[in-house]
Amino acid sequence: MRRFAPRAVLLGLAAPVGALVFAVLVCAVVLAATGHSLFDTIDAMVTAAQRPRTFVNSLNSATQYYLAAIAVAIGFRMKLFNIGVDGQYRLAAMLSAALAGATWMEGLPSVLRITMTIVAAMLVGAAWAGVAALLKVTRGISEVISTIMLNAIATYLVSYLLNPARLAEERPGSNNIGTRPITEGGQVGGIPVSGSSSDLFGLVFLAAAVGFAYWFVLSRTRFGFELKATGLSESAAVASGISVKKMVLLSMLLSGAVAGLVGLPQLLGSSHEYSLDFPPGIGFIGIAVALLGRNHPIGMALAAVLWGLLDNSANALDLAGVPREIVGIMQGVIVLSVVIAYELVRRYRVRTEQREVGKALGSTRDPAADGPKDDNREEASA
Amino acid sequence: MRRMRGTRLAAAALALGLGLAACGGSSDSGDAGSGSTGDGAQLKVGLAYDIGGRGDQSFNDSAARGIDRAKQEFGLDIKELEAGAGESEAIKEDRLRQLAEGGYTTVIAVGYAYATSLAKVAPDYTDVQFALVDSEDATGDNIANIVFAEEQGSFLVGVAAALKSTTDKVGFIGGVNTPLIQKFEVGFTAGVKQVKPDAEVQVKYLTEPPDFTGFNDPAKGETAANGMFDAGVDIVYAAAGGSGNGVFKAAKAKGKLGIGVDSDQYNLPGLAEVKDVILTSMIKKVDVGVYDFISSVKDGEFAKGVKVYDLEQGGVDYATSGGKVDDIKAQLDDFKKQIVDGTIKVPAQK
């Protein structure tokens, strides 16, 4: 058990803040090299963030990024890498959109309709992730490979289903194609914000609830303990009677179920249909946000908001004459440097801790010279 | 170190993904809005491009040509913004709003991807005149829809392909399987069957939405074209944006022919090496649509609603550069006339 110490908190913050500062520096160099002013860029971003509409849009984006990050983080805690969040949420959004938009649903009370949509999305996401989980526990296939492949299969499955002969609606003359729009009873209303043309997604509360559940299950239940234990050391978990196969299956199913929710804030709060312009790629953003937020429920929330702000300020940059691509550069550098920064901070912490132990035991030798390679390197407990 | 492996892999994969996404856009907005020495009463025009923006050698560039011509003639104050890969509807909407709020009284949304967002934005800015290219889905008192009869132009190049094919097998390669590109396919197939009812048309789409890389992946185009050529096809129509380059490369290597799209691709400097295999191109004059729209606004004659640029209007056509269709030009022009006067009705949907 680690004591709560101010230095531990400082060290915990050092990595993400350091990475952020480093990313800003890299962007400053890129901007200077291409003849743009850093201050104009910062000015444009700050102005953008203060505009109510941009702020609301950022939070809306963050809601989805956060859900995706939690889906990824559940796998990460088990040392499972669910790259398939992307395919899972797209397939789930498409099928639940078809269900929610179906005519027979219109007679049902709103609460029931929305609940059914949410449950359907979770089931689809879990089922799609379950395919990878089954392959892993029965055939030993790496979930990294199978989920990447399942992403591609999901893409083709969605295209196959998104056809007027199947789940899509006939729209003569249109260059878009989508499921039948969800009528008002099946939608989740937004929260109006003064000065903003877009509402805050009502399902932001769903994301918050999922975040709370993630924290609770992982740190307050036996299941969460077993999950973390399996992630830390599989052999130790087996030795203490945990069925690793069962844990792999369960955590992948949970990860998939949360992934299924990713598309819902957009679907039920704004799009009201799954069509060709439904935003793809949120699953990959979720990986970045989970890395940046260190799998921590609060950390990931902050990372998601940062990501959302960056994404939604790109237009303002474009308008100010700064290439919007700078946002992509910044995000890429943040992810890369945050991984390096965490490793540096970890080594520093191990070294100082060992030095303290050495001091306490009366030895003056610097143990860092031995190159510590112990297994005690998971610091991000919730 | 096992614990860190997943993390590192994730970081590497992400960096790669983000890097690729960033490569997608080549920004060239440096000179926008600064070049003119107007009289102060300049028309302020805002453009929202689709992914790729100015410099994509394809659809967006065609719109850019239209705006450049208009700028030269009328001296406009232009602001150009472009879309990012995989962005949300809200970001598209925000882009249009920023232009409208920035005092741009004429706003052109390039690409059907803006249909939903424009439908939401337009009613809030009644003093702004909007144009939407390639879509009729957003309508309103201040929206003009610029759409093209791609199936008619495709029909003509289909006729050309059928007349020129010696194996009676021709191919169609679509960039991304969307309703818009299906219009090209349907028109092309109808054109082929009009001349040779027994000819075979092989169809292949490079990617399925939401994967839109099929419009900008020459390697995929080359692989698909090689497959068709190996199966006996001798002419391939590439309605695939930048991926068409790969199709022409394959045709050149195998001594076959390709048909271009959107621009008169025989004359594109970027395709000079393979231009001798370009039989013809289906020209879609987005530039004319954009220019006409600005011109109408300039003259105070904004007209809401759909304006179809078809064969009759000269909005779509086949290209004669290179002289490969000179011998069948009379037949092509005859079909063109029949389409214009309505004798032949070209289907637009499967």
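Two strands count as paired here if DSSP finds at least two bridges between them, and the strands themselves are DSSP runs (E, at least two residues; for helices, H or I and at least four), numbered from the N terminus. Welcome to a predicted model, in which local features need pLDDT of at least 70 and side-chain atom pairs count only at pLDDT 80 or more, while totals for chains, interfaces and linings use all residues. Residues are numbered from 1 along each chain as its sequence is written, chains are lettered from A and ligands numbered from 1 in the order in which they are written, and side-chain values use heavy atoms, with hydrogens and water left out.

**View 1. Met282(B) meets its bridge partner in strand S12 of chain B.** That partner is Tyr318(B). Strand S10 (residues 278-284) of chain B runs antiparallel to S12(B), and three bridges link the pair.

**View 2. An open sheet of six strands in chain B.** Follow the strands in the order S7-S6-S8-S9-S10-S12, and you will find mixed pairing. At the edges sit S7 (200-207) and S12 (316-318) of chain B, each pairing on one side only. From one strand to the next, the twist averages 15 degrees; axes are lines fitted to C-alpha atoms (for helices, over the stretch in contact), and angles run from 0 to 180 degrees between N-to-C directions.

**View 3. Asp317(B), a residue of strand S12 of chain B.** Asp317(B) counts as buried because its relative accessibility is 16%, and buried means under 20% relative accessible area (exposed is over 50%, partly exposed in between; 1.4 Å probe, protein chains only). Its side chain makes a polar contact of 3.1 Å with that of Lys336(B). Such a contact is a pair of N or O atoms within 3.5 Å; within protein, one must be able to donate a hydrogen and the other to accept it, and residues adjacent in sequence count only if both atoms are side-chain atoms. Leaving aside residues up to four places away in sequence, Asp317(B) touches Ser281(B), Met282(B), Ile283(B), Leu311(B) and Lys336(B), where contact means heavy atoms within 4.5 Å.

**View 4. The largest nonpolar core, with 101 residues.** A nonpolar core is a set of buried Ala, Val, Leu, Ile, Met, Phe, Trp, Tyr and Cys residues joined through side-chain atoms within 4.5 Å. Ile70(A), Tyr274(A), Val289(A), Met300(A) and Trp307(A) touch the most other members. Helix H3 (residues 52-77) of chain A gives the most to this core, twelve residues.
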